[in-house]
Amino acid sequence: MDPERERIQADLKGLLAGEVLCDDVSVQMYATDASIYQIRPLGVVRPRGVSDVVACVEYAAKNNIPLHARGAGTGLAGESLGRGLVIDFSHSMRRIIAADGDTVRVQPGVVLAQLNRYLAKSGRLFGPDPATRSVTTMGSVLALDASGSHWPVYGSARQHVVSMQVVLADGQVIEAGKHPVDSPPGDGPDSTAAAPPPPRAQTLVRGLADLIGPREKLIAQHQPKTRVQRSGYCLSGVLENGHFDLARLLVGSEGTLALITEATVRTVPQPKFRGVVLLFFDRLEAAAQGALEVSAFGASACDLMDRRLLTIAREIDVRYDLLIPRQAEAMLLVEQDGDDAQELQDRQQKLIVRLQRRKRLAFDHRVTMEQEERDLYWRLTRRVIPTLYRLKGSSRPLPFVEDVAVPPEQLPEFLVRLQNVLQTHAVTASLFAHAGHGQLHVRPFLDMSNDDDVRRMQQVADAMYQEVLDVGGTISGEHGDGLSRTWFVRRQFGPLYDVLREVKNIFDPKDIFNPGKVVASDPQPLTDNMRSVSASSNGAGGAAKSDVEAKTPTETTEAPPEIFEPLLVWNPESMGYMARSCNGCGRCRTLSPDERMCPIFRIAPAEEASPRAKANLMRAILTGQLDPAQLTQDALKEVADLCVNCHQCRLECPAGVDIPKLMIECKAQYVATNGLRPSDMLLARLDGVSALASNFRTLANWSLGNRQMRWLLQATLGIAQGRKLPRLAPTSFLRSAQRRRLTRPARRSGQKVLYFADTYANYFDVQLAECFVAVLEHNGVSVYVPPTSPQSGMAMISLGAVERAKRVAARNIALLADAVRQGYTIVATEPAAALCLKHEYLNLLDDEDARLVAENTSEACTYLWKMHQSGKLQLDLKPINSSLGYHLPCHVRALGVGAPGERLLRLIPGLNVQRVERGCSGMAGTYGLKRENYRSSLRAGWGLISALRDPTIHVGTTECSTCKMQMEQGTTKPTIHPIKVLALAYGLMPEVASLLTARGHDLVVT
Ligand SMILES: Cc1cc2nc3c(=O)[nH]c(=O)nc-3n(C[C@H](O)[C@H](O)[C@H](O)COP(=O)(O)OP(=O)(O)OC[C@H]3O[C@@H](n4cnc5c(N)ncnc54)[C@H](O)[C@@H]3O)c2cc1C
Ligand code: SF4
Ligand code: SF4
């Protein structure tokens, strides 16, 4: 840390209760958002409350340090980036304070979707719906005046604000609402226009009224003719009938005028019925014409997607392939809502008749009022755009002219102008539009590391913005000016620009708040401060930095000649490419219960816990922004340790960024230099430790159930004292397999399985291994168990002990590849082991045999389910009268096989299987075993644990051994592997019946 940062950190720590982070790793995480820019701040402040914000503002004002408010950091124009101190409101100011009738009071860090989940309980919602609502914070929604597809019915945030508590540039706190211009000083906010404003607010109101009052004509003359408008400050409608609406002006000011510390916003009732119509067109212009017709049918949303987006949608999901006709050049998604289902249905039909039969604009349609189908249709628009980043190649759909809006009636003509601009500059682009209100999201495909493309960015922006102005449009309808549009604001507003500057001057004469955004004496050119994207010439491959990067003053000077030698298998340039694929969209910050995204971020929603932070840090190292020596230092390792290799982000990230692989590389670099910590050493050697302990089974099992011994285990090896652990079996599975001659290769012809009985099945749950063998044999499958004790090495991989894991993998691959060549399929009952063989080993070993094994490995339930699908599974299953709660483990999910365990269970007559979908169990492999993670692991798994307490569920069931530990943690109910239940139903293992009624113990699992 440089001395300036050190001093600031020390100063601020003395002034604030919240966190202050000025180290290199932290500031790097806050150097980017979802825009094309990157600026490393001086530091990051995470205020706990308004007094922290005040202290920070006073300090910044005294020391002339800029302040950049930040929510989720998903701005597309670099609105929250800057060289000063970033104030992260999303971390500790996330409380819903009170809801009262049709209003709700929130702190700025409350996530919009979280607010709507809360309001839904009383049948209400906050209407404006930016596509990022699952992560965006209310502070940002107000600071950007956010809106989304439902603008026609809800408008933007501005229409819903009542008042806001804000901290001004001199540190004073006011409640900004609607204030009488000429009142004597009072002491309260006045959203009802009755009470007089406080002195500071009054000074502001007076100054602003004097500025704006005489210029009403100028203001009216220079407004765009669009329905949506987000560029500049909102000067129209703020001064009316002797009242000044400070809140209205502050909404949309991008953190440049004041910092929002609380806000009261209006809520609306949820619509009773909602219906969606998809209309398909064979020409883009026809879709634009169609959009003009839609408003007559009471549309609450009308979105347009172009052919490129439709093609991607078809590719990413087979359901869209079936839904979207191949000849569609464009699609309109129209939502209508109402209180009467029949009336709504009639309106949907009228719309279809009008566009398809009468006007002959659309050639096909789909229509629904069902929630599931509606959600599927809506996901089309919400998921596909970030998915554009999955496209291969260096060109990316860049957001730099992504927010233009035009008067809706000009849309058909503007689309022609837009295509001309793109053609002139030989650029292709994707187009998504809220066509009903004239909002266009255009993303040209360009390569930020190519000088010609960077020059074209400026040319395209110039030309396109000119076309926008020519039709009375605005350069920003939703996202704001930020770094990418402030340079054009003067042209957008002409003589009104000076008034905007004066507004800024009245609020913030020292230019402390988010300088360089909206108005600026010297706005940055469009292509300054762009993110570095080129990997340096290192083992991971990559080109040198571009001129543009060299031009950016902070970040890129010279590419280090050699960054580091990768320890995992990466194709040339693939590591840099992978890290670069993260576009910062922030989806991985979601806390939504409908998604599995990062369990660790859910436990502690801080930027460093997000998958995005990890991609950003690796990209910074690969592009020379961050000293590669960080790879061997604790600060970066601590962030890497916040990844537990659950693979959920890899599945759900729209850009498909393989964060777990990047983090294993990162941990491996650290471990290669520093070795493993003692507690990690134990977990990495679990197989050897289990083998040793099994020689002293009685003593070991007694210790596991004894509180004092468990305290000792925690104190010495870091295994949480309260965590229920499995007992060692009387004899290992390998021994009994040897006795039963399973360790001799099968002689019979037909299906052959090599059973990869990992550490858990071998030493702890031998009954599971026996059940699996019995089920296979019952179904005519020959079983071979290798005579050496197999371990997959998953714990080593997750901990970064990659060299050791490579040795284990090499041994396993040599054995297993031979078996595959002899016709065996490798099958594991432990999902983590299957994932290791199918996925992780390919990251460790670059050889054909590893690929052969990966292709011929299956998880046990998946293997049996496939047998069932091909009609080979015996169905002589006896009824079981019980009710099971099934949890799908992350590692089964990561295998991309659906839920075969659950499906198998559903074949058993009499058995009631309930899916408990509460996300990750919170164990995350060995994460939940550690003392330091015990509580947070329980917090993460609490949804699952509590669901299992439901009296209608008698027993838990899951394939994963560590999820089982968690599922038994807060309940006495047992959790059983589906294969055991299957063996019981076949009548092969009657002793399993007693498990269904077994009661768990304090410290050990059943
Ligand atoms: C894929 C994608 C789709 C998007 N779709 C939409 C859309 O449909 N509609 C839309 O409007 N936007 C959209 N956006 C843009 C952006 O995500 C949203 O505007 C979002 O509301 C930004 O929220 P955030 O919390 O990430 O804000 P940040 O990026 O963190 O901050 C945004 C601005 O708010 C200011 N700010 C934050 N908190 C405060 C505070 N407490 N006080 C003062 N200022 C504050 C910041 O200084 C900054 O200027 C999209 C972005 C992406 C990546
Ligand atoms: S990791 Fe994926 S989901 Fe997260 S910000 Fe990056 S692109 Fe978005
Ligand atoms: S692999 Fe899991 S823990 Fe790691 S970043 Fe992704 S979602 Fe989070």
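In this predicted model, a backbone N or O atom of Ile 260 lies 2.9 Å from a nitrogen atom of ligand 1, within the cut-off for a polar contact (a pair of N or O atoms within 3.5 Å; within protein, one must be able to donate a hydrogen and the other to accept it, and residues adjacent in sequence count only if both atoms are side-chain atoms). The protein covers 96% of the 970 Å² of accessible area that ligand 1 has on its own, with areas taken from the Shrake-Rupley method with a 1.4 Å probe and, for residues, only the protein chains shown counted as cover.

**Ligand 1**

- Another nitrogen contact is made by Glu 478, with an N or O atom of its side chain 3.1 Å from a nitrogen atom of ligand 1.
- A polar backbone atom of Gly 75 is 2.9 Å from an oxygen atom of ligand 1.
- Ala 69, Gly 71, Thr 74, Thr 136 and Ser 147 come nearest among the 33 residues around ligand 1, where a residue is near if one of its heavy atoms lies within 4 Å.
- The shell comprises 15 nonpolar, 14 polar and four charged residues; Ala, Val, Leu, Ile, Met, Phe, Trp, Tyr, Cys and Pro count as nonpolar, Asp, Glu, Lys and Arg as charged, and the others, Gly among them, as polar.
- With four residues, α6 gives the most to this shell; helices (H or I, at least four residues) and strands (E, at least two) are DSSP runs, numbered from the N terminus.

- Strand β6 (residues 103-106) pairs with β13 (residues 259-266) in the antiparallel sense over four bridges, pairing being defined by at least two DSSP bridges.
- Val 106 stands opposite Ala 263 in β13, and Ile 96 stands opposite Val 106 in β6.
- Four bridges also join β6 to the antiparallel strand β5 (residues 96-100).
- Thr 103 and Arg 105 point one way from β6, Val 104 and Val 106 the other, and all are buried (under 20% relative accessible area; exposed is over 50%, partly exposed in between; 1.4 Å probe, protein chains only).

**Cysteines**

- The structure holds zero disulfides (a disulfide is a pair of cysteine sulfur atoms within 2.5 Å).
- The cysteine sulfur nearest to that of Cys 963 belongs to Cys 960, 3.6 Å away.
- Cys 963 counts as buried because its relative accessibility is 6%.

**Basis**

- Residues are numbered from 1 along each chain as its sequence is written, while chains are lettered from A and ligands numbered from 1 in the order in which they are written.
- Local features need pLDDT of at least 70, side-chain atom pairs count only at pLDDT 80 or more, and totals for chains, interfaces and linings use all residues; side-chain values use heavy atoms, with hydrogens and water left out.
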